[in-house]
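This briefing covers one protein chain, shown below. The points are grouped by topic.

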Amino acid sequence: MAIDYMAEADALRDELIDRRRDFHRHPELAYQEHRTAGIVADELNNLGLEVQTGVGKTGVIGILEGANDGPTILYRADMDALPIQEENQAEYVSQAAGVMHACGHDGHTAIALGIAKLLTNHREQLGGRVKFVFQPAEEVGSGASSMIDDGALESPAPDRTLGIHLWNDLEVGTVSVVDGPTMSGAGVFEITVTGKGGHGAMPHQTADPIVCSAQIIVALQSIVSRNIDPLDTVVLTIGELHGGSARNIIPQTVSFSGSFRLFREETRDTIKSRIHDIATGVAGGMACRADVNFGLGIGAIVNDVEVAAHARSVFSGFGDTIDVVRQPWMASEDVGLFMQRNPSAYLLVGSANHQRELDFPHHHPRFDFDEDVLPLSVGMMSAVIADYLGAGA
């Protein structure tokens, strides 16, 4: 008898919403996800899964063994929140000052727990296993590598990797399933400009690091327009700028930091080289010094063509319930590290509802999403996983 995964997921609607709202009320920053991880571990233990905790500091792994032998499907969800003061007025608003789930990870965690519960109910039909990976510290770009260093891709090693990201650029009911690059890689950098401070009324006695930093910031934008192939997609953003202590004092130093996004790894060295050369060159020409430091970079997320096609094939069985599109995005995710060793796909699931004003962008203090996406995601991803394990709809 065919399994109606959508109907079974819809029966979990209230539980999914309650769980997501609880996570939303109690957000935790990178590597501080102790409460969230504890709830996840307890739920997986209650379902009878084999559970590992403390993986990559605060990560959790739960292994659901089917009744028969077969492949291992890794399903990954992230748990951490962002250092943002929430401005929503919902009854489930964040209770942690200056911290909120502004990217949908509360939903990701609730969805993964829902998939675990739904598939556990069909353990006897599953040929293989599901390895649920609940990851910390996605927002700082190091959680995936921390878990992998702790053996998350071993014992058992996955044959396929799947995951989703709720996406407020798409309406609920729309899913982006791309062949090839689907989310960009990223790099981060910090530049400290050192000059000679002094009185604001006597600039000729100084080497002004504020004016110098302004020139560098403007010049950096020429990298995209003049150093990158126009057919190659790159974004460079300055997101922080710190300098000065009073309006009539020219400071000694100014620091600013930013990020860049790219799809082709061959472009990374060009971007880094130009950032360094422009910053040091402009600073030198203005009697200042620029020190440039690059942080941890992550690669683009690249979907396996066959795995993406498999997901689209399963979704086609849901008729008009899901509108499948193929649109890549410039946002970045460290889930790509889990996807490098086996055929994988990462899907962007529409979560916006414009009529209800649930459409603020990710990382905005009023970010929220339509909770109809919770059972929808549980149903469709349970169906995809189960189809790999011989228990298709």
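In this predicted model, Asp 323 is in contact with Gly 173, Thr 174 and Val 175, leaving aside its neighbours within four places in sequence. Asp 323 belongs to strand E14, residues 323-325. Thr 174 lies 149 residues away along the chain, but the C-alpha atoms of Asp 323 and Thr 174 are separated by 4.6 Å. Asp 323 has a relative accessible area of 44%, so it counts as partly exposed.

**Largest pocket**

- The volume of the largest pocket is about 1,100 Å³.
- Its lining is made up of 37 residues, and those nearest the pocket centre are Glu 139, Val 188, Ser 259, Arg 261 and His 363.
- Two or more lining residues come from each of the strands E5 (160-171), E7 (180-194), E9 (234-243), E11 (253-262), E12 (289-294) and E15 (329-332).
- Strand E7 contributes the most to this lining, with 6 residues.
- Sorted by class, the pocket lining has 16 nonpolar, 14 polar and 7 charged residues.

**Cavity**

- The structure has 1 cavity of 30 Å³ or more, and the volume of the largest cavity is about 60 Å³.
- Leu 12, Glu 15, Leu 16, Arg 19, Glu 43, Ala 110, Leu 113 and Gly 114 line the largest cavity.
- Helix H2 (13-25) and helix H4 each provide at least two of the residues lining the largest cavity.
- The cavity lining divides into 4 nonpolar, 1 polar and 3 charged residues.

- Of the 16 residues of H4, 15 are buried, and the helix is mostly covered.
- Helix H11 (residues 373-388) also has 16 residues; the distance from its first C-alpha to its last is 23 Å, close to the expected 22 Å.
- H11 is largely enclosed by the rest of the structure, because 14 of its 16 residues are buried.

**Nonpolar cores**

- The largest nonpolar core has 66 residues, and Tyr 75, Leu 119, Phe 132, Phe 134 and Phe 315 have the most contacts inside it.
- H11 supplies the largest share of this core, 10 residues.
- Another core lies apart from it and has 23 residues, among them Ile 275, Ala 283, Ala 290 and Val 292.
- Not counting residues up to four places away in sequence, Phe 132 touches Leu 49, Val 60, Ile 61, Gly 62, Leu 64, Tyr 75, Ala 112, Ile 115, Ala 116 and Leu 119.

**Backbone exceptions**

- Most residues other than glycine have a negative phi, and most peptide bonds are trans.
- Ser 155 and Pro 156 are joined by a cis peptide bond, with omega about 0°; Pro 156 sits in the loop between helix H5 (143-149) and strand E5.
- Lys 57 is not a glycine, yet its phi is positive, near 80°.
- Lys 57 is in the loop between strand E1 (50-55) and strand E2 (59-65), and its relative accessible area of 60% makes it exposed.
- His 363, also not a glycine, has a positive phi of about 75°.
- His 363 is in the loop between strand E16 (344-352) and helix H11, and is partly exposed at 40% relative accessibility.

Definitions and conventions:
Residues are numbered from 1 along each chain as its sequence is written. This is a predicted model: local features need pLDDT of at least 70, side-chain atom pairs count only at pLDDT 80 or more; totals for chains, interfaces and linings use all residues. Side-chain values use heavy atoms; hydrogens and water are left out. On a 1 Å grid over the protein atoms alone, a cavity is a set of points where a 1.4 Å probe fits but cannot get out, and a pocket is an open set with protein on both sides within 12 Å along at least five of seven lines; lining residues have an atom within 4 Å of a point. Grid points are joined across faces, edges and corners, and a volume is the space filled by probe spheres set on the points. Helices (H or I, at least four residues) and strands (E, at least two) are DSSP runs, numbered from the N terminus. Ala, Val, Leu, Ile, Met, Phe, Trp, Tyr, Cys and Pro count as nonpolar, Asp, Glu, Lys and Arg as charged, and the others, Gly among them, as polar. The expected span of a helix is 1.5 Å times one less than its number of residues. Buried means under 20% relative accessible area, exposed over 50%, partly exposed in between (1.4 Å probe, protein chains only). A nonpolar core is a set of buried Ala, Val, Leu, Ile, Met, Phe, Trp, Tyr and Cys residues joined through side-chain atoms within 4.5 Å. Contact means heavy atoms within 4.5 Å.
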